Each structure stands twice: as structure tokens, then as C-alpha cells.
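Subject: Model for you to look over

Hello,

I am handing over the structure below. My notes on what was found in it follow.

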Amino acid sequence: MLLDRPASLLARPLTRSLATPASGAAAAGPSALAARVKAKLDDGLTLDDFVRADVVEEGIVEKEGDGRVRLGRTGEPRLPTHLRSPAGAAPTSPSFKKLRSDLRGLGLHTVCEEARCPNIGECWGGSSKEAATATIMLMGDTCTRACRFCSVKTSRAPPPLDVHEPENTAEAIGRWGIGYVVLTSVDRDDLPDGGAAHFASTIRRIKSKSPSTLIEALTGDFHGSLSSVRELALSGLDVYAHNVETSPECTPFVRDRRASFAQSLRVLEEAKRVRGRLGAGVVDGLEGVVTKTSIMLGVGETEEQVMGALKQLRQSEVDVVTFGQYMRPTKRHMKVHRYVDPAEFERWKTIAEDMGFLYVASGPLVRSSYKAGEFFIKNVIEKSRARGVAKAVKDLAAAVSPLAGSSSSSSRVGKEAEKSQE
């Protein structure tokens, strides 16, 4: 036993022996290893290796082949200067605080907050109620789908619907006194109709309390149920919006597996079929409907793919399209493939206009419910009811949006729209 050994043995330090003789760094001893590490550091990197290269207006430019170390997320493209928020951009206006207070008091959610929209301060912070806009998100803040670009919470079993939400939403909109409102929702695949009846009920309540308010509904695809699309289209909305998000080729890598480009087209086509074109409604007591969609750039799409998507959208008689830059919400979401230059957004605006879209908003920070688009659509709808679509757009083609300087937006009536008015 250990206690039976002589005291001299117990005091001797224990050493570990190896089955094979040591070699290399271990054989040289700790002092030799430390000397080599010190020599490597002395001959290797210096502070200058970690200093960024020349700073120019366009951002940070690093010299090629100079051996400098690049810090940060080197696997992703750097955020360009035109996407960085200017100093003092934090939302602090009275209008912003009033909207947020009303929403919290009535237990309502907005996609502006849930999706971390970069324009929240701009859209909520208008100088008056008429100038401020919030996109209200119905049916809770938890989605049953998990698109790779979206930061909204997900769950297979979200909480049940709030039966008071339609009335509370109508109350909030009536309190704000705004002329144009955007309603959207999470996907609720756990419900038989995808939540269409709840959505439609909210629109009818708003119209009963605020008949002059124009309503844009940004919906999901209701897992392909055209009966749900029809119920919503006949609820009294003015703009039926559903986002295809990207090209058909990129859809499997960007959207939830239950979504598809073809299914999204069917949703937009059915809404147009049920209500008819703007200025040529097919339902008694209801005007024709504007259909709208949005495309993100920077997710890996090619020019040919975007062009093909636009052609299919026009064939489905979609009236409005918006282009925006994909921005990665968190590290858990898909990476940005590239940051698109503002000049390219301008080019896509021109291309879409030439294809006959009624209105196009295109810019790095443009989102599907961007306020500049709402301004124009509101005027087109109101004036077309009195003078026809072609005349309304012709008169408004040179109109200046309140946010004209912050995005590239314009409009043009295609040949088909003009013929429909002759």
C-alpha cells in the first residue's frame, strides 16, 4: 500500500513516462518552445497587419496581396454604405410613440417590429396621422412556417386566434384616422381555412367603422386553398398583395417547403379573377382589385431568373411589383449572397415599367408595404374611380411621393391596361 512506502519516496515528485521517446517541440523543452513562439511573433504579424486599409467614400477598400488580416465575417459581403443607418435614425418622433402605444394597448402586433423592418422609423414617424403608416400583423406573432429569410417566430402549434382582434384592429385604425392601411398575417397552416375567415372579418369591421379607408391585405397562400383566397378577395379589400419573394428557381432555397412560386401565382390570379381589374370590377358593389407582389434581390438569383419571374407575373395580370435588398435578420438565417447596387435597382424599375406594371417601387430599403408605394396606389385607386385607370396614372405619373428621395419609384400603364379603358 502507498502508506507502507518510505517517506523519501512519498516526497519525490511523480513524473509521467512515455512508451516512445519524445521528439520535436516536446523534446526541446518548454524554454525552447517559448523561444520559437516569441521568434514567430516577432517576425510575423504586427499591429499594422490588423489596421484597415484606405477609407474612401464607397467604404473600406483593402489592398490585394499586401498580407493584411481581414477581421469580422469574412465569408459574407460587407454592408455597403448606402444600407447603413445615418446618425440619429432611431425612431423617437411623437407619431412613432403614439402608434406603438395604441398597438400595445390593444394587444396588436406589427410586421414592422416582428420582421425588423429598416423603415420602421420612417413609416411610423410621419409628421401627422395621415403621413404615418403601420402594417398590422393579424392572427398573432407566431408563424407555422419557417422561411429562411424571415425573423418572425415559428411554431407548429401557435396560440389560438384572438376573437377580439378584428374589433380591436378596427378600433385602432379608426382612432388613427388614416386613409390607407396595410394588414398582413402570419401563416396559420394549423387552421382549416388558414385564417381567411378571421382576416376577412377584420377587413369588414374596418370598412364598417371607416368606410373611406383603403385596405391592402398582404396575405399568405392559405396552403393553396382558392376558396380561402375568394373569401378574402370578396371581403371589401382594395389591394390584394401576396409576395412571391424570389424567382421560381430560388424558391426552394429561400421559402418554406410548403410554398411555391406556382402556388403564389394561383393566389394572385384567383384574386384578380374574382374581383376583376381596377376600373372593371365584376362584383356588384365592389371595385376591381389591385394585385401586388414583392421580390427580394441578393439571395442568389440571376438576371435571367428575375426576368422570367416578371414575365410570369405580368401574364398573371399582377399590377404592382416592388424590389428590395435581402437583409439577414440574424446569424440563424440564410446569408446574403450579394448586396445589389442602387443602379441595378433603378434598372429593374425601368424594365418592370416597360413590361406594363402599373406601379414599381425599387430600392435597397424598399419593402413590400413601403409607404411610398401606398401613397401612389391610394391616389391611383381614388382617382381611377372617377376618371379611369389610364387617365389617373397619366395625371399622377409626375406626382412626387412624400418619400420620393428615399427610393426609386414610378409608374406606367401597360398597353393592356390602356386598351381595357378604351
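What covers the buried residues of helix H8 (residues 226–233) includes helix H7 (196–209), strand E9 and helix H10 (261–275). Here contact means heavy atoms within 4.5 Å, and buried means under 20% relative accessible area, with exposed over 50% and partly exposed in between (1.4 Å probe, protein chains only). Helices (H or I, at least four residues) and strands (E, at least two) are DSSP runs, numbered from the N terminus.

This is a predicted model: local features need pLDDT of at least 70 and side-chain atom pairs count only at pLDDT 80 or more, while totals for chains, interfaces and linings use all residues. Residues are numbered from 1 along each chain as its sequence is written, and side-chain values use heavy atoms, with hydrogens and water left out.

The buried residues of H8 are Ser228, Val229, Leu232 and Ala233. They lie on the same side of H8 because they cover an arc of only 135 degrees around the axis, the arc being that of the directions from the helix axis to the C-beta atoms.

Strand E12 (residues 290–297) is mostly covered, with eight of its eight residues buried. Val290, Lys292, Ser294 and Met296 point one way from E12, and Thr291, Thr293, Ile295 and Leu297 the other way.

E12 runs parallel to E9 (residues 239–241), joined by three bridges, and Val239 stands opposite Val290. Six bridges join E12 to strand E13 (residues 320–325), also in parallel; two strands pair if DSSP finds at least two bridges between them.

Regards
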